[in-house]
Amino acid sequence: MIVEPLPDQQWKLARMFTVQGYRVIGSASLHAARALLRRFPVDLMLLADESIDDEAGRKVAELAQAFPKMRFLIMSDGKPAARWADGMPDIKWIRRPARMQDLVDIDAAVA
């Protein structure tokens with residue numbers, strides 16, 4: 001699942017994953033993503049960090065506890081600033097993928 005508020009960026013990321021053979025669900029908000037999780041099983045949630053404020057961050061932390069087998073990756077173009085994720089080993093920060101090789105690096109980051 002890709003949670004990305006920018007439609008062009010969401011499409012780009014979804015395309016990168018589908019080319020690699022993954023099925024992708026996209027959402028523009030964490031609220032909509034939470035609703036989709038009730039209906040669709042998800043192995044990985046890829047979130048844009050700029051879409052997550054402190055309140056949404058706590059909801060991500062709750063989701064990480066509710067879905068212990070799901071991997072959570074938060075994409076950032078720079079150094080992440082969210083204090084709510086400090087000390088949460090289940091949530092990983094990655095640099096926003098820009099090319100196909102970056103997708104391979106994602107698996108290495110969460111292995």
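Leu46 stands opposite Leu73 in E4, with strands (E) being DSSP runs of at least two residues and helices (H or I) DSSP runs of at least four, numbered from the N terminus. You're looking at a predicted model, where local features need pLDDT of at least 70, side-chain atom pairs count only at pLDDT 80 or more, and totals for chains, interfaces and linings use all residues. Residues are numbered from 1 along each chain as its sequence is written, and side-chain values use heavy atoms, with hydrogens and water left out.

**Overall make-up**

- The protein has four helices and five strands, and along the sequence they follow the pattern β-α-β-α-β-α-β-β-α.
- Of the 111 residues in the protein, 41% are buried (under 20% relative accessible area; exposed is over 50% and partly exposed is in between, with a 1.4 Å probe and protein chains only).
- The accessible surface comes to about 6900 Å², and carbon and sulfur atoms account for 52% of that (Shrake-Rupley method, 1.4 Å probe; for residues, only the protein chains shown count as cover).
- Take the contacts (heavy atoms within 4.5 Å) between residues at least 6 apart in sequence: 60% of them join residues at least 24 apart.

**The sheet**

- The five strands make an open sheet, ordered E2-E1-E3-E4-E5, with parallel pairing (two strands pair if DSSP finds at least two bridges between them).
- At the edges sit strand E2 (26-27) and strand E5 (91-95), each pairing on one side only.
- As a general point, strands of a sheet pair through backbone hydrogen bonds, either parallel or antiparallel.

**Strand by strand**

- Strand E1 (residues 2-3) pairs with strand E3 (residues 44-48) in the parallel sense over two bridges, and Val3 has Leu47 in E3 as its bridge partner.
- E3 also pairs with E4, again parallel, over five bridges; that's where Leu46 stands opposite Leu73.
- E4 and E5 run parallel and are joined by five bridges, with Trp93 in E5 as the bridge partner of Ile74.
- Strand E4 (residues 71-76) has five of its six residues buried, so it is largely enclosed by the rest of the structure.

**A look at Gln10**

- Gln10 sits in helix H1, which covers residues 7-19.
- Gln10 counts as buried because its relative accessibility is 18%.
- Neighbours within four places in sequence aside, Gln10 is in contact with Ile2, Glu4, Gly26, Ser27 and Ala28.
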